[in-house]
Amino acid sequence: MKLKKAMIVFGTVCILNTMVTGCGSGSESAAKIEESQISEVLSEESNNAPKEIAGGTEEPQENTEGRWQVLEPDVAAAVDADFLGKVWKMEENSFFIAEKKVKILDDGSLSYSSPSSNAVLPDTELIHVFFEEDTIFYMRTTDGSGENHEDKEAGFQDLKEHMSVEMKGSFKNDEFHATEIRFF
């Protein structure tokens, strides 16, 4: 019995010693990693800022390294859209969405996921969507099976909170600029 207790105490001391030794050398490297991540973020922010040119600022470039990206080409082709979302907040001439994720499963079917309509999301998790006068809006209705659908022309006034949207367009400075918006 005493031997068993001695082995447990010895094992515990060895584990604690290993943890202290591991944590001691890891904290220095963690601090160095954190410093390098901070400098990366600062350099990305300065790269994303509009550049001054004689008389004005340069136009924003396509979002190649921003937080939000359009769908992968194979997924975009499968859903016939560049980005999917769920309307979260409405403004006078724009709206905010929560990202709706979609994956192509091994059997070729699509899997969708989006936040619950009851979820509380910070503004940093929302994507601002802008559109122009010539942006096309469609209201999609489906039959009970979901296999057949009909798209009817609609307008921004028909869009409501918590509707799913499928959009064509692109990101500029982490804002989505839509050329076509379908909603359900």
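The largest nonpolar core in this predicted model holds 19 residues, and the members touching the most others are F95, I97, M167 and I181. I181 shows how the pieces come together. Setting aside neighbours within four places in sequence, I181 is in contact with F95, F131, T135, I136, F137, Y138, V165, E166 and M167. Another core lies apart from this one; it has seven residues, including L71, V75, A76 and V102.

As for the overall layout, the protein chain has two helices and 10 strands, running α-β-β-α-β-β-β-β-β-β-β-β along the sequence. Buried residues account for 25% of the 184 in the chain. Of the contacts between residues at least 6 apart in sequence, 60% join residues at least 24 apart. The accessible surface comes to about 12,900 Å², with 54% of that belonging to carbon and sulfur atoms.

The average pLDDT is 76, and 64% of the residues score at least 70. Residues 23-63 fall below 50, and this stretch has 20 contacts in the model beyond near neighbours in sequence.

Turning to charged pairs, a search of the whole structure finds eight salt bridges. In one of them, E166 meets R182 at 2.7 Å, N to O. E166 sits in strand β9 and R182 in strand β10, so this pair ties together parts 16 residues apart in sequence. Both ends are tucked away: E166 is buried with a relative accessible area of 10%, and R182 is buried at 2%. Salt bridges with shared partners join D80, R140, D151, E166, K168, E180 and R182 into one network.

Within that network, R140 pairs with D151, their closest N and O atoms being 2.7 Å apart. This bridge ties together parts 11 residues apart in sequence, because R140 lies in strand β7 and D151 in strand β8 (residues 149-154). R140 is buried, at 15% relative accessible area, while D151 counts as partly exposed at 32% relative accessibility.

A further bridge joins K89 and D123, with the closest N and O atoms 3.1 Å apart. K89 is in strand β3 and D123 in the loop between β6 (110-113) and β7, so the pair links distant parts of the chain, 34 residues apart. K89 is partly exposed at 30% relative accessibility, and D123 is exposed at 53%.

I104 belongs to strand β5 (residues 101-104) and is partly exposed, at 35% relative accessibility.

How values were computed
Residues numbered from 1 in each chain as written. Predicted model: local features only at pLDDT ≥ 70, side-chain atom pairs only at ≥ 80, totals over all residues. Heavy atoms only, no water. Core = buried A, V, L, I, M, F, W, Y, C linked by side-chain atoms within 4.5 Å. Buried < 20%, exposed > 50% of the residue type's maximum accessible area, 1.4 Å probe, protein only. Contact = heavy atoms within 4.5 Å. Helix = DSSP H or I, 4+ residues; strand = E, 2+ residues; numbered from the N terminus. Areas by Shrake-Rupley, 256 points an atom, 1.4 Å probe, with all protein chains shown as cover. pLDDT = per-residue confidence, 0-100. Salt bridge = Lys/Arg side-chain N within 4 Å of Asp/Glu carboxyl O.
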